[in-house]
Amino acid sequence: MGTENPNRPNYPLRPAATPFAAQQSTTPFLPSGPVVGSEASAFRPAPPASSQFPTPPFPTGPFVGSEAPAFRPPPSSRSNDLVRPPPSYGSPASGFQRFPTPPLTSTGQVPPPRTSLAGQAVIPPPTRPSPGPVSLLSQPQPPSVPMGTPPQSIKTGQSNPNVPLPADQHFSPSTPNSQPSSPPMGPSYAAPRGTFQPAFPGYTNTQPNSVAQAPPTQPASFPLQQGSYAPPSATPFLAQQRGYVPGPPTSTPSGLYSGNQVQQHGIAPPIATSQTLAEDFSSLSLGSVPGSFDAGLDAAALPRPLDGDVEPKSFTEMYPMNCSSRFLRLTTSGIPNSQSLASRWHLPLGAVVCPLAEAPAGEEVPVINFATTGIIRCRRCRTYVNPYVSFTDNGRKWRCNICSLLNDVPSEYFAHMDATGRRVDLDQRPELTKGSVEFIAPAEYMVRPPMPPLYFFLIDVSISAVQSGMLEVIAQTIRSCLDSLPGSTRTQIGFITYDSTIHFYNMKSSLTQPQMMVVSDLDDIFVPLPDDLLVNLSESRSVVEAFLDSLPSMFQENMNLESAFGPALKAAFMVMSQLGGKLLIFQNALPSLGVGRLRLRGDDTRVYGTDKEHMLRVPEDPFYKQMAADFTKYQIAVNVYAFSDKYTDIASLGTLAKYTGGQVYYYPSFQSSIHKDKLRHELARDLTRETAWEAVMRIRCGKGVRFTSYHGNFMLRSTDLLALPAVDCDKAYAAQLSLEETLLTTQTVYFQVALLYTSSSGERRIRVHTAAAPVVADLGEMYRLADTGAIISLFSRLAIEKTLSSKLEDARNAVQLRIVKALREYRNLYAVQHRLSGRMIYPESLKFLPLYGLALCKSTPLRGGYADAQPDERCAAGYTMMALPVKNLLKLLYPDLVRVDDYLVKMSAQAEELDNITKRLPLTAQSLDTRGLYILDDGFRFVIWFGRSISPDIMRILLGEDFVTDYSKVSLSQRDNEMSRKLMKLLDRFRESDPSYYQLCHLVRQGEQPREGFVLLTNLVEDQIGGANGYADWMMLLFRQIQQNA
Ligand SMILES: [Zn+2]
């Protein structure tokens, strides 16, 4: 066979275990020249006629040009390499193998016996090295670092003593990384330091001296109404049950983690429930007489987003022609008219855009083909024609709503005006009536023919990839999706596998089997047979199927521990760079060989809390950023799937996704028996969801305002052009807005999102979303038009970015500080008028802001310190949250908690019962009844919690005899009884409500520690967790800080 790696004589043959016998190939390696090849020359780059996208998405000259010389050694030296076989692979003459007929089983893989092939070496049974990376018995998601202080019990109200933490056993000691990070790649990646510290140029304390004389006059726009949160007079003092320790009131904690207890005394005096408050703000009773101790806070009266994300309606009513909020949300729809007003807002000012959000049936975005007319755009600012342009001069001119330029109406687009000044053809012009349209772009929007959908797979086949079952699951899933990949007959596909060497696969349609070629020279990567590694799926379908069917068994005996990830990545780039497309990476280990190899880091607890802490969350080796830049340039989006039970440096690997518009999927300690459904679902969605290719996006806005920073997974191509090699409905992007002029004179500001992309069907299209927002001169109006979901979405991204340059604590404090400043400003506006000195007041629109802020500080990327989340877990969550649409993010921060046992037990009245159980509960242990069965759903996983006193019968019915065993080893499956069917149906229903991720079930029994702590209790964000404040404490803390200097 000759595939033995001489460097690792202890390991059995690697690809020799494949069912493909080695044969001498008749196809010699081709020189690397054809990587550029004849196909590239077939592209006829057209000059970019549109100035909207001044930088063409592709280099217009030689497609693979001088920009990538490092990856393409000169042909002369290459040809020398090619005439001799790679030394470490003894397959005669060519150095690569050819596949014989593989066993063509369908998706169910039965690995053939090792001795089934004549002439094949008999492989010794796998001897797993003792420190093997995979343990088949490992638990589903047991973090090897336990939560710092998982709450140990329910309803005890005791604060938990800190448990000494074992160091992460997977990490070998190493010195903390002190290497500076590579420079940021573009203006948007500048360290976010300072973004949380808005200047205060216009800030003044509005009514500092008017306490005594302020008349309680209501602003005209606030009709009198009872406040939503005036507490009932007979409020039980819940805080006492929550373990508050009385203390001197002066020791005000200053931060989320600065103190476990908020000191309070006494009971709140009853406050008249008839107290009048404005409709647009609410208040919470937090104190009694000024100067006295703070009184109890009625925890039950605290606002909770139990209906999920509720978008503000007033805005859409004001501008019915705006695009749907699923595509664009502003943090406040009241655009401040001056910089001084903007500086008093304190919260992020900006937008969250999800350009391809899925629209329900009947609300699809209309597609418009202007054909020979050409797309109507403003001559000056290149805005697309939209419902807010105005026609004048009897329909011969139109005025741009963004820059006010008067444009000529092309004769082909001319229509008469009716008596009311409307174009007579308005009913046939969706672009003039709808906020979202899609234009079919003519040839001048292309620099080459629209690319075909292209999926390239880079698959780790080292020992852990095989033994965890990952390889088999992905091979089966990819095969099962072949019919539903977008692009029909245009779709292209290709594969590379790797361990300590790189394996290419010739999939040429004329072959009956794929040919495998092994390249072992990691220092000088070249691509054999560059023309046949990427193939048209429909033409080579049988070869691709044969490959996927045999892939798991090919490597089933592989004992190779190494990972030549970096060289394999470069090889994938070389194969894909002609066309672009999506690169899906499946990585099981820390890259260990060749360029881009990574080392263990993050195991030194002393780094935490120092100014070097953030280095663990940024890539150490500039190789990954450089590769990401190259991928983006050549329209390649990278999705990273990571599976290891050990540290794999997601901080570095995730960079590939971050800068290419991609996504990170993380399955720590992947075991097929536990995680396969989740991987199958999420990979299938990744492969089959509608995707926009080779895209660029720009958000225009009216004069006087400007988007100044962008936050999400992309790379900036110019100051405001986002390069997105691939986009789909699951990706959102955020941007911060600032005022360029001291004073805005217009009454409306318009926004227009334009996404230029290639559809899977091969059309070049421009999706355009347009929205208008009023300019306001009053801070109260800004608050009234605020959108908490958009604010939190932008907030989260800023905070996560801050963890890349600062301590976690600093990032949390920044969140807290901005909330305090915003609410203090609000208080200054209204409190005095309403004599609300003992109350915390806040705008109705922002009533959930403090709670979401708290949840953000407790989310995986930001929470705690060293022991509270593994570095990989933190980084993966951070990359994920940077791309999440608003609704998904809010659900992750404040998951749904529902009680289901009543519903399961009752046999009738299903319809109404179903509505009842979707009633969400506050995320606190006080919501949990020991006799109950609860489901927590954060969109990524289910936690099913069994109360201690739940009937053993129910447990037996749902879990069979497993109910007495360790729940970490129990997986929920449908049993032959009505109750089990109902439960599974219910879970399916939850999953269907948002298919972007798949929720795996984690079962936990009350009191099962520490599992209950890290599986469930850390998600109960209203409780004290690991030294962080609970909701009531948090509100007290904010209240006191708001009072200071007020
Ligand atoms: Zn214009």
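Mentor: Axes are lines fitted to C-alpha atoms, for helices over the stretch in contact, and angles run from 0 to 180 degrees between N-to-C directions. The model is predicted, so local features need pLDDT of at least 70 and side-chain atom pairs count only at pLDDT 80 or more, while totals for chains, interfaces and linings use all residues. Residues are numbered from 1 along each chain as its sequence is written, and side-chain values use heavy atoms, with hydrogens and water left out.

Trainee: At what angle do helix 7 and helix 12 pack?

Mentor: Helices (H or I, at least four residues) and strands (E, at least two) are DSSP runs, numbered from the N terminus. Helix 7 spans residues 470-481 and helix 12 spans residues 672-688. Their axes lie 9 Å apart, and the packing angle is about 35°.

Trainee: How many nonpolar, polar and charged residues are in the contact of helix 7 with helix 12?

Mentor: Contact means heavy atoms within 4.5 Å. Helix 7 brings Val-473, Ile-474, Gln-476, Thr-477, Ile-478 and Cys-481. Helix 12 answers with residues including Leu-679, Leu-683 and Leu-687. With Ala, Val, Leu, Ile, Met, Phe, Trp, Tyr, Cys and Pro as nonpolar, Asp, Glu, Lys and Arg as charged, and the others, Gly among them, as polar, the classes are eight nonpolar, four polar and two charged.

Trainee: Which residues make the contact between helix 14 and helix 17?

Mentor: Helix 14 (788-802) and helix 17 (871-883) pack at about 145°, axes 9 Å apart. By class, their contact has four nonpolar, one polar and two charged residues. Helix 14 supplies Arg-797, Ile-800 and Glu-801, and helix 17 supplies Gly-878, Met-881, Met-882 and Ala-883.

Trainee: Which residues coordinate the zinc ion?

Mentor: Donors are N, O and S atoms within 2.8 Å of the metal. Here each donor is an SG atom, at 2.2 to 2.3 Å. Along the chain the spacing is C-x2-C-x18-C-x2-C. The residues are Cys-378, Cys-381, Cys-400 and Cys-403.

Trainee: What is the geometry of the zinc ion site?

Mentor: Four donors count as tetrahedral if all angles lie between 85 and 135 degrees. The ideal is 109.5 degrees for four tetrahedral donors. The angles at the zinc ion run from 102 to 114°, and the site is tetrahedral.

Trainee: How many residues apart in sequence are the parts tied together by Cys-381 and Cys-400?

Mentor: Both cysteines are buried (under 20% relative accessible area; exposed is over 50%, partly exposed in between, with a 1.4 Å probe and protein chains only). Cys-381 sits in the loop between strand 8 (367-368) and strand 9 (390-392). Cys-400 sits in the loop between strand 10 (397-399) and strand 11 (406-408), so the pair ties together parts whose separation in sequence is 19 residues.

Trainee: Ile-699 next: how far is it from Leu-721 in space, C-alpha to C-alpha?

Mentor: Ile-699 belongs to strand 21 (691-701). At 7% relative accessibility, it is buried. Leu-721 is 22 residues away in sequence, and the C-alpha distance is 8.1 Å.

Trainee: What is the relative accessible area of Val-753?

Mentor: Val-753 lies in strand 26 (748-758). Leaving aside residues up to four places away in sequence, Val-753 touches Leu-328, Val-353 and Ile-699, among others. Val-753 is buried, its relative accessible area being 0%.

Trainee: Is Ser-488 buried or exposed?

Mentor: Ser-488 has a positive phi of about 50°, although it is not a glycine. It lies in the loop between helix 7 and strand 14 (492-498). With a relative accessible area of 59%, Ser-488 is exposed.

Trainee: And Gln-635, buried or exposed?

Mentor: Its phi is near 60°, again positive in a residue other than glycine. The loop between helix 10 (622-633) and strand 19 (636-642) holds Gln-635. Relative accessibility is 1%, so Gln-635 counts as buried.

Trainee: Which residues does the cis peptide bond with omega of about 5° join?

Mentor: Look at the loop between strand 32 (1000-1005) and helix 23 (1011-1015). Pro-1010 is placed there. The cis bond joins Gln-1009 and Pro-1010.

Trainee: What share of the residues of the protein count as buried?

Mentor: The protein has 24 helices and 32 strands. Among contacts between residues at least 6 apart in sequence, 79% join residues at least 24 apart. Of the 1046 residues, the buried share is 62%.

Notes:
Donors = N, O, S within 2.8 Å, 3.2 Å for Na, K, Ca; no water. Tetrahedral: all angles 85-135°; square planar, octahedral: opposite > 155°, others 65-115°.
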